[in-house]
Structures are given as C-alpha cells and as structure tokens.
Amino acid sequence: MKYQRVWLLFLFCLSFWNMNAQHFVIEGQTNGYIPDGSILYLGYWNGMGPTFCFTSDVVRNGTFHLEGERKKTPDLIYLYGTEKAIGTLGLRLWVGDDTIRISANSEVPETWIVKNNMPQQSEEDLYRQLKGKDNMVMTSRMNSRQLWDKSLSPDSIRILSSQMIQNDLPGQIRILDNLHEQPQLTDVGLVWLFLTSAYASWMTSPEHLRTGKETYAKLTGKQKQTYYGKLIKSCFYPNKAPERGDQYIDAELTDLEGNSCKLSDYLNKNKYILLDFWDQYCAPCVKSVSGLKELVSSCPDKLAIISINVGSRESWEKGSRDFLWDNLSDGQGLAGIAARYGVKSIPFFILIAPNGRIEECWKGYAIHRSYMEEETMEIILPNSLLTEAPE
C-alpha cells in the first residue's frame with residue numbers, strides 16, 4: 001500500500017508537470033517553394049540573429065513538423081534555414097498554447113503565412129505587410145547571392161550590400177512612421193523599432209532620424225533598459241566611432257573562465273592588435289577563422305588577435321573551439337564596446353598599432369576571398385622592419 005501511494009503521487013506530479021509544460025507544435029506546408037530534403041530550424045535570438053537551433057525537421061512531401069518547449073508565453077522564436085534553397089530571412093513566431101500552422105508563399109521564410117491565436121503574431125504580420133513581400137524576397141535573394149556566388153569580388157559584394165540596404169530602406173521607414181504614431185510600443189513594436197533602428201545610419205533625411213528619436217523617447221524606462229532598447233539608443237544616438245588615426249578605446253572584458261582584463265593590457269608589447277568582432281551564427285565570421293590562423297602564424301611576434309564575441313554565451317562557447325588567440329566578451333553584445341567602435345554588422349576588424357593608434361578597419365569578410373589579411377601584413381611588416389632598423 002505504501003509503495004502504491006508513492007507511485008500514485010509520482011503519476012500525479014508527472015501529469016501536473018505535463019499540464020503545465022510550455023509545449024508548442026508547428027505544422028507547415030512548403031507548397032513547392034522549398035525542395036524536399038531541406039532542413040528547417042527553430043532557434044532563439046542571440047543578440048545578432050537566430051542562435052543554435054533547439055530543434056529541426058527535414059521537409060518531406062512538402063510538409064514539416066516542429067515542436068518544442070517555450071520559455072514563456074508568449075515566446076519569440078525564429079524559423080530559418082541554412083541552405084541555398086531557403087531564403088536568408090528568418091520568420092519570427094510568437095508562440096502560445098495553440099498549434100501554429102504555416103504556409104509557404106515564397107522561398108523566403110519571413111514572408112510565410114502564419115496562423116495562430118496570438119495577438120502578437122497579428123501585430124507581427126502588420127509590420128511584415130508594411131515591409132512588403134516583394135521587398136523581403138528581393139533582399140533575401142541579394143543576400144543569398146553574397147553568400148553563394150563564388151564569382152563575386154569583394155568590391156562587388158560591397159556594391160551588392162549597398163543595393164540591399166537601399167532596397168530595404170523604404171519599407172523600414174514605413175514601419176518607423178507607423179511605430180511613431182503609436183502612443184506606446186508593445187513588445188512586438190519594440191522588436192521592430194530595434195530592426196528599423198539598424199538602418200539609422202543610412203537615413204539621410206533629418207525628418208526620419210527625428211522620427212526615430214521621438215519614437216525611442218516614448219519607450220518606458222523598462223523598455224529602454226532592455227537589450228533592444230540599448231541597441232536602439234546606440235543607433236539613433238551613436239557615439240562618434242573612432243577612425244583611422246584616432247586612439248583606440250579601452251574596454252573591460254572577460255574570458256570564458258570569467259577572468260577580467262582590459263584592452264590596454266595588450267598594448268606596449270611591441271605588437272599590433274587585431275580586434276575581431278564576431279559571432280558563431282555569422283557565416284563570414286566562421287569563414288574568417290582560417291584566414292586569421294594563417295595571419296597570426298605568419299607574424300606571431302608582431303601581431304596579437306583578440307576576438308570579441310557579440311552573441312550569446314552559448315554561441316561564444318561553441319564557436320571559439322578552434323581559436324588560437326584570446327577570445328573575450330563584455331557581455332553586452334552590440335550595445336557595449338562594439339557600439340563604441342561603431343560596429344553595426346559583423347565580422348568587423350580593427351587593427352591597432354602598439355602605440356594605440358588605429359591603423360585600419362574592415363567591415364565584413366568575403367566568403368570566397370578577403371583582402372583583410374593582405375592589407376594587415378602590408379601594414380605590419382614594413383612598419384615593423386622600419387622600427388627595428390639599426391640607427
């Protein structure tokens with residue numbers, strides 16, 4: 001009898017846990033836009049983009065099935081792919097208690113039709129409509145070309161990136177105008193203000209910048225203290241980023257073991273410092289690791305590389321296993337030292353001379369070829385040889 005009571009208590013606790021489990025289910029139809037065999041992922045945002053997935057499914061017979069446990073209600077997760085056949089823009093999903101049904105209407109997940117009972121999803125759809133399906137498809141195709149077209153030169157990639165931004169900008173301004181009209185932003189509105197603020201440096205109209213600042217001003221104190229809020233402020237009220245010839249900016253950083261240090265600790269050792277702002281989800285960041293290895297091995301007595309992670313703790317740990325140099329973080333993503341250096345996208349490299357002078361900066365890393373390593377060597381070796389020449 002005693003063991004029977006214990007067993008019944010165990011079953012009750014198990015059933016109670018199941019009743020309160022934050023479970024969700026996603027059923028999807030690809031409608032011929034995504035080939036069978038493609039893999040779709042679910043992940044959480046990590047400060048730069050979807051983090052490592054927590055579940056995935058292979059498309060079979062034009063369908064996919066995904067499920068998992070949400071952390072809260074509503075929870076914000078991302079549906080995305082990592083293959084050439086799948087658009088590069090992830091679909092934001094506000095997850096609640098009901099089954100989510102998704103129907104593809106292009107190869108780009110961000111455009112897909114979502115049906116659930118969450119009011120946040122309805123608001124999400126409103127902003128996606130303002131952005132425009134054609135806009136999202138075009139942006140995704142440009143981005144896919146950057147990633148997969150091996151014939152593109154670094155200059156061509158830079159031109160394509162500029163075209164992609166100009167394609168996106170009108171939709172982002174429409175969204176910003178809509179957010180500005182609202183007396184108070186919801187959680188969904190806060191996310192979209194963050195997404196729109198990333199385009200602030202390309203908004204040439206003072207009116208658009210004023211609209212962004214006024215919208216930020218309407219955020220609550222709590223919203224301003226969120227990671228989204230801090231990033232929004234750094235975009236609409238940017239610090240002056242240091243340029244070539246300026247002195248470096250010091251920062252408090254820690255390693256994965258929790259040991260703290262400053263950038264100034266690395267100076268005055270007769271070495272150049274190459275700062276590498278990165279995250280694991282970023283394909284160009286991952287691609288740059290082999291080039292950085294070759295670079296530091298070519299002149300170990302002249303160069304120290306310091307990688308600064310701007311993503312989650314998880315991506316920081318998993319992405320740095322092959323690093324042969326110091327790998328640090330200030331725990332603030334793009335809102336900390338990255339913002340002070342003017343980093344808005346990654347990878348971003350900054351070369352600092354032994355005296356603390358910024359020698360050069362590079363934005364991005366071409367998937368198939370980059371000149372960053374060559375230019376770094378041209379700066380380091382001639383200057384180093386000159387310094388060591390006898391009097």
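**Before you click**

You're looking at a predicted model, where local features need pLDDT of at least 70, side-chain atom pairs count only at pLDDT 80 or more, and totals for chains, interfaces and linings use all residues. Residues are numbered from 1 along each chain as its sequence is written, and side-chain values use heavy atoms, with hydrogens and water left out.

Of the 391 residues, 50% are buried (under 20% relative accessible area, with a 1.4 Å probe and protein chains only).

**Stop one: α2 and α5**

Select 119–131 for helix α2 and 187–197 for helix α5; they pack at about 30°, with axes 9 Å apart. Axes are lines fitted to C-alpha atoms, for helices over the stretch in contact, and angles run from 0 to 180 degrees between N-to-C directions. That angle makes α2 roughly parallel to α5 (under 35 degrees counts as roughly parallel, over 145 as roughly antiparallel). And the opening question?

Now show side chains: Q120, E123, E124, Y127, R128 and K131 of α2 make the contact with V188, G189 and W192 of α5. Contact here means heavy atoms within 4.5 Å.

**Stop two: α3 and α4**

Next, pick 133–148 (α3) and 154–181 (α4), which pack at about 170° with their axes 10 Å apart. The two are therefore roughly antiparallel, and α3 passes α4 in a left-handed crossing. Among the residues that meet are M138 and M142 in α3, and L160 and M164 in α4.

**Stop three: the sheet**

Finally, find the open sheet of five strands, ordered β13-β12-β11-β14-β15 with mixed pairing; two strands pair if DSSP finds at least two bridges between them. Select 326–328 (β13) and 358–363 (β15): these are the edges, each with a single partner strand, so one side of each has no neighbour in the sheet. From one strand to the next, the twist averages 20°.

Zoom in on β14 at 348–352, which runs antiparallel to β15 and is joined to it by five bridges. There, I350 stands opposite C361 of β15.

Conventions: Helix = DSSP H or I, 4+ residues; strand = E, 2+ residues; numbered from the N terminus. Parallel < 35°, antiparallel > 145°, perpendicular 65-115°, else oblique. Left-handed = near helix turned anticlockwise from the far one by under 90°.
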